[in-house]
Amino acid sequence: MMRANRKNQKEYTSKMLISRVALRLAAALMIGPLFMITSSLPAQPPTVGFDPASKVFRLDGDGVSYAFGVNPRGELQQIYWGGRLGAADSFPQAQPMPEWASFDASYSTTPQEYAGWGGGLFVEPALKVTFADGNRDLVLHYESHTTRADGIDVVLKDIERKIYVTLHYTMEPQSGILARSATIENREAQPVTVEQAAAAAWALPPAHYMLNYLTGRWAGEWTLTQETIAPGARVIESRRGTTGHQANPWFAIQAGNTDENHGDVWFGALAWSGSWRITVEQDQLDAVRVTGGFNPFDFGYVLHPGERLETPMFYGGYASNGLGGASRKLHRFEIDHILPHRVSADTAPKPRPVIYNSWEATEFRVDEPGQMALAEKAAALGVDRFVMDDGWFGQRKDDHAGLGDWYVNQQKFPHGLKPLIDKVHSLGMDFGLWVEPEMVNPDSDLYRKHPDWVLNFPGRPRSEQRNQLVLNLARSDVRDYVLGLLDKLLTENDIAFLKWDYNRNWSEPGWDQLPPAEQKKVYVEFTRNLYSILAELGRKHPKVELESCSGGGGRVDLGILRYADEVWPSDNTDPFDRLTQQDGFTYAYTPQVMMAWVTDSPHWLNKRSTTLSYRMLSSMQGSLGIGANIAKWNGEEMATAKRLIAAYHQVQPTIVQGELYRLISPRNGSEFSATQTVSRDKSQSVVFAFVHSTQEGRLFPILRLKGLDPAQEYSLSPIEGKARAGTPQVASGAWWMNHGLEMNEGFRGDFQGAAFRLDRK
Ligand code: GLA
């Protein structure tokens, strides 16, 4: 029966808000540390606590607290996620939402940490299962927990059946980023089919929020899409078997008055490179929750008695200083805790070598003399790494043949790869190679030998894209084959780097080796096997670095970034388009991994003509590479690129590993854009400024810099372009931040770029 009208509901909502605030205030005033610290604390935060009296768990990292508890019904319920609370603050026991109307079941409106589908749940479930007897009701209650130095594991169990879910929480102290995942275990005597499994659900109380997420398409990735969170659900997902260009598994939710530099932001990123889904929903009582994990579309994972399913990791963080603050936290976290630390766990990922890549210069027409000639010119520019792209293997003349046949093409390289690799080494560079190991062309020896190795439904068409099919990496024989071929390639050749490509999405995702009810496991096992191959290669060839590419930015996520040192954000190398793409990219990912090549003008995609200086500066905002046909570059072009590569080398650590401030966004048709990065120790800063197309003679806005030490002196030196006449050569951080940096009056026109460095005296 309906018990209240909409007006009453609104009043109720605001009462709830007031009572939440009152609760927090009351908690803040309570005296004495009610949290029992159940683990030995490291020197730095996090603190991890459980109060047995109130049954409240709390995790604190730098600037962030997260609390959840067991409510009287036994459900695990989120209590608080936001700015750090006092060490002595405490919470009373979590209380479920009351049943406001007969249509607003408390089980559904209570912000559960991990809700099973059952008991009348209308919001997105974290877990949905079907038991062997047809029962589909699942209600998870708290069972037990254990604490670790950096986190908590909480075991939930269905109220009647032996389905156990362990929720893992790990707090990273420096960023306050919380890593969450779940292990689902079947201890029943019969199999259970998991139809939906999230890694985590995050909740926010009723308020006005904006959602930020990244959308795109091939050659148009990284559009920052912003919208008001409204009643209903916004689903961002990939059903493609892989991460996808069209949406990226990252979100940021900002409070109503938040902008780039100020205000509350809650953000999250899912570490999974298979089909994924993040649902952001506002329920009928205006509360918001974000649920993300495996994409439930076409999903079904059979757990036999005793088996477990591990979900991916869903990272979540909070920043009080706007979207800029949120992305700086994520960047630092990615560099320190996600990216491979190749030499030892203590060695931070190094700034990427400046690469040369042959793709746009030669496409498939690679051969020994041509690549050697390019290598000589690349070395003359000061490039660190020479990468030969597609075309070197099998019968690869174009994209119709060869994928799967990873032997060196004898016509193009009659003596194998060694002469080219030796030449590259003699020029002082290391050598990298393109591979696309998960794919096969039907016109290949591999496919002729193993037509059953591809994803397919027997008797059905096998849809080709780019004339290729996807090998079913979920099969152990395919996994072993891919691992073996790459191990052999890396053992036989002195290769420092693989550009690992993946140029289509799935179709007909059948796996007919398994019984029909189990075949949908392919969505999980494919990606797991990919990760296991990458992990094994990392163990066997610890120095070999990797780039994740998927026709540009189709496989960029925190899952693949555990193995990949860098990514290829887009096949679109137009330097102007790249400004907006790079802006979008950096909301979620660090410039350290953002490869950016300088290519030829006019650009093949937009037919836009730009100067080499502009192209260089656009790419220097990330990890610089050269992808042009440098065989045709004249002396002046060689000199410009050489000068700017040398300047880049000097400041690269600041650009790619410093704190990024997006001073002026290029989005929404902006006439200008500018970024600034500051090294972590604040000793150096680099500023990039771009004019798109001057209108009405408008001068470039004064750039009020950020993140410097106000009391220290910084000297300004141009990398390219000039500051306004009269700009001091040395001034305090306060001067650069309050007065700001002014561009020369001549900084007008179309596609102009300038860059400056500031060095602490
Ligand atoms: C993809 C990549 C490109 C290039 C080609 C080669 O499209 O994104 O950079 O490597 O494949 O076929």
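What pLDDT does the protein chain average, and what share of the residues score at least 70? In this predicted model, the chain averages a pLDDT of 93, and 94% of the residues score at least 70. The stretch to treat with care is residues 1-43, where the pLDDT is below 50. Beyond near neighbours in sequence, this stretch still has 65 contacts in the model. Where pLDDT is low, the predicted coordinates should not be read in detail.

Let us turn to the sheets. Strands of a sheet pair through backbone hydrogen bonds, either parallel or antiparallel. The parallel case can be seen in an open sheet of eight strands, ordered 29-28-27-24-23-22-31-30. At its edges stand strand 29 (566-567) and strand 30 (595-598); each has a single partner strand, so one side of each is left without a neighbour in the sheet.

The loop between strand 30 and helix 11 is worth a stop, as it is the place of P602. The peptide bond that joins S601 and P602 is cis, with omega at about -5°.

An open sheet of six strands, with antiparallel pairing, runs in the order 32-33-34-37-35-36. Its edge strands are strand 32 (659-664) and strand 36 (730-732), each of which pairs on one side only. On average, neighbouring strands of this sheet are turned by 25° against each other, direction ignored. Strand 36 pairs with strand 35 (residues 713-720) in the antiparallel sense, over three bridges, and Y714 stands opposite A731 in strand 36.

Which strands of this sheet does helix 12 touch? Helix 12 (residues 635-657) packs on the sheet with contacts to strand 32, strand 33, strand 34, strand 35 and strand 37, and its direction makes about 110° with that of strand 34. Helix 10 (residues 575-588) lies across strand 32, strand 33 (672-678), strand 34 (684-693) and strand 37 (750-760), running at about 130° to strand 32.

Both of these helices also have helix partners. Two packed helices are described by the angle between their axes and the distance between the axes. For helix 10, one partner is helix 3 (residues 322-338): the two pack at an angle of about 70°, with their axes 7 Å apart. That makes helix 3 roughly perpendicular to helix 10, because angles of 65 to 115 degrees count as such. From helix 3, the residues L323, S327, L330, H331 and E334 meet T586, Y587 and A588 in helix 10. This contact of helix 3 with helix 10 has four nonpolar, three polar and one charged residues.

For helix 12, a partner is helix 5 (residues 368-381), and the axes of the two come within 8 Å and cross at roughly 55°. Helix 5 and helix 12 are therefore oblique to each other. On the helix 5 side, K377, A380 and L381 make the contact, while helix 12 brings M638, A641, K642 and I645. By class, there are five nonpolar, no polar and two charged residues in the contact of helix 5 with helix 12.

Helix 8 (residues 476-492) and helix 9 (residues 522-540) have axes that come within 10 Å and cross at roughly 25°. That makes helix 8 roughly parallel to helix 9, because angles under 35 degrees count as roughly parallel. Helix 8 passes helix 9 in a right-handed crossing. In helix 8, R479, V482, L483, L486, D487 and L490 meet N529, S532, I533, E536, L537 and K540 in helix 9. Six of the residues in the contact of helix 8 with helix 9 are nonpolar, two are polar and four are charged.

N467 has a positive phi of about 60°, although it is not a glycine.

Terms used: Residues numbered from 1 in each chain as written. Predicted model: local features only at pLDDT ≥ 70, side-chain atom pairs only at ≥ 80, totals over all residues. Heavy atoms only, no water. pLDDT = per-residue confidence, 0-100. Contact = heavy atoms within 4.5 Å. Axes fitted to C-alpha atoms, helices over the stretch in contact; angles between N-to-C directions. Helix = DSSP H or I, 4+ residues; strand = E, 2+ residues; numbered from the N terminus. Parallel < 35°, antiparallel > 145°, perpendicular 65-115°, else oblique. Left-handed = near helix turned anticlockwise from the far one by under 90°. Nonpolar A, V, L, I, M, F, W, Y, C, P; charged D, E, K, R; others polar. Pairing = 2+ DSSP bridges.
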